[in-house]
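User: Can you walk me through the aromatic contacts and then the strands?

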Amino acid sequence: MKKIIRILGIAITIVGLCSCGSNLEKDKIILFSCMEEKREASLTEHLEEQFPDYEIILQHYSTGECGAKISAEGIKTDADIIVGLQCASLETIDDLLADVSEYKTAEYLIPSLNPESGKYWVWEKYDGGIVVNTDVLEQEGLPEPHSYEDLLNPIYKNWIVMPTAKTSGAGYMFFNNWYNMWGEEEAFAYLDKLQINVSQFVSSGHNVTQLLLSGENAIGLIDLMNIYRQVAEGAPVKIIIPDSGAPFNITGTAIIKGKDDSSAVREIYEYLMTDYVVYDNSNFSPGGIFVNQKEEVSGYPKNIPMADMSTITDNNLKNDLVSQWKY
């Protein structure tokens with residue numbers, strides 16, 4: 001009998017140890033991110049420091065990949081939280097997103113950017129501008145352009161580079177601004193004239209940056225995220241905000257529907273939208289989305305006037321306009 005009791009005692013101890021071990025398993029939270037590598041590394045470091053009791057996995061996807069993956073997988077997707085996905089893409093999957101309208105957030109400077117649906121909060125605003133290589137302008141005797149109309153001057157023939165709206169969010173950002181200012185017909189008419197001066201329409205803003213820095217082109221239409229670091233480092237490039245204001249695009253952060261049942265997911269999301277969004281915008285993406293933003297990024301223009309981007313999140317419009325892009 002004593003032997004049996006000892007065996008039962010050992011068994012109970014083992015079961016107890018197993019139970020304790022299972023209780024020590026960390027909650028796993030998966031984030032899909034569409035940000036740059038440097039920003040994702042910073043985010044991962046901050047999350048691991050803030051939430052040591054959670055297993056946090058960050059997976060990178062391009063905007064197109066992220067939207068398509070979630071659309072195909074639905075609420076069964078691995079993602080719990082989406083970070084930095086273009087709002088136009090978020091709008092196409094809003095039926096798969098949880099309502100986050102009651103969650104705590106940082107104090108936004110531009111609350112009108114956030115959707116009425118309450119399905120996501122704006123994460124960042126990145127601006128566009130006319131960027132010039134000052135050395136090339138001087139060598140070629142070219143004046144600085146300050147408006148889109150200036151870019152039609154025949155003196156700039158083959159000196160301008162721009163990303164195509166077919167593959168580049170920056171390219172579409174500029175075209176959407178022209179659509180909002182002038183309407184569809186006049187926007188395409190402007191492009192017909194502009195293309196005479198454009199040496200090439202490239203696939204991304206990164207390509208524009210490389211062509212400007214190499215001196216192959218003198219003028220580029222670009223999102224400022226791709227160039228401000230080079231400005232700060234003393235490269236011969238200058239940012240000029242068009243007279244009509246800077247075009248911009250916005251990204252958002254959301255929770256997949258049903259994943260908000262997890263207290264860990266809710267806790268991380270509120271940390272992202274109250275604390276980390278301030279750090280990220282101040283250090284990496286200084287477009288300005290909230291009041292009293294601390295500017296720590298050199299090379300980025302201050303107090304940028306905004307252009308009319310009232311339809312930038314309309315994905316149906318984007319698909320229609322891009323389908324007509326022939327440049």
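User: Tyr-148 and Phe-174: buried or exposed?

Analyst: Tyr-148 is buried, and Phe-174 is too. Keep in mind that this is a predicted model.

User: How many aromatic pairs are there?

Analyst: The count is 19 aromatic pairs. Take Phe-51 and Tyr-54: their planes are at 20° and their ring centres 5.6 Å apart, so they are stacked. Phe-51 is buried at 6% relative accessible area. Tyr-54 is also counted as buried, at 18%.

User: And what about the rings of Tyr-148 and Phe-174?

Analyst: That pair is edge-to-face, because the planes stand at 90°, with the centres 6.5 Å apart. Tyr-148 sits in the loop between α5 (134–140) and β5 (160–163), and Phe-174 in helix α6. The two are 26 residues apart, so to speak, distant parts of the chain linked by a pair.

User: Which residues do ring pairs link into a cluster with them?

Analyst: The cluster holds Tyr-148, Phe-174, Trp-178, Trp-182 and Tyr-190.

User: What lies over the face of Phe-248?

Analyst: Lys-125 does, 5.2 Å from the ring centre.

User: Which way do β1 and β2 run, and how are they connected?

Analyst: They run parallel, joined by seven bridges. Asp-27 has Tyr-54 as its bridge partner in β2.

User: How many bridges join β1 to β3?

Analyst: Three, and those strands run parallel. Leu-31 stands opposite Ile-81 in β3.

Methods
Residues numbered from 1 in each chain as written. Predicted model: local features only at pLDDT ≥ 70, side-chain atom pairs only at ≥ 80, totals over all residues. Heavy atoms only, no water. Phe/Tyr/Trp six-rings, centres within 6.5 Å; stacked < 30°, edge-to-face > 60°. Buried < 20%, exposed > 50% of the residue type's maximum accessible area, 1.4 Å probe, protein only. Helix = DSSP H or I, 4+ residues; strand = E, 2+ residues; numbered from the N terminus. Lys NZ or Arg CZ within 6 Å of the ring centre and 35° of its normal. Pairing = 2+ DSSP bridges.
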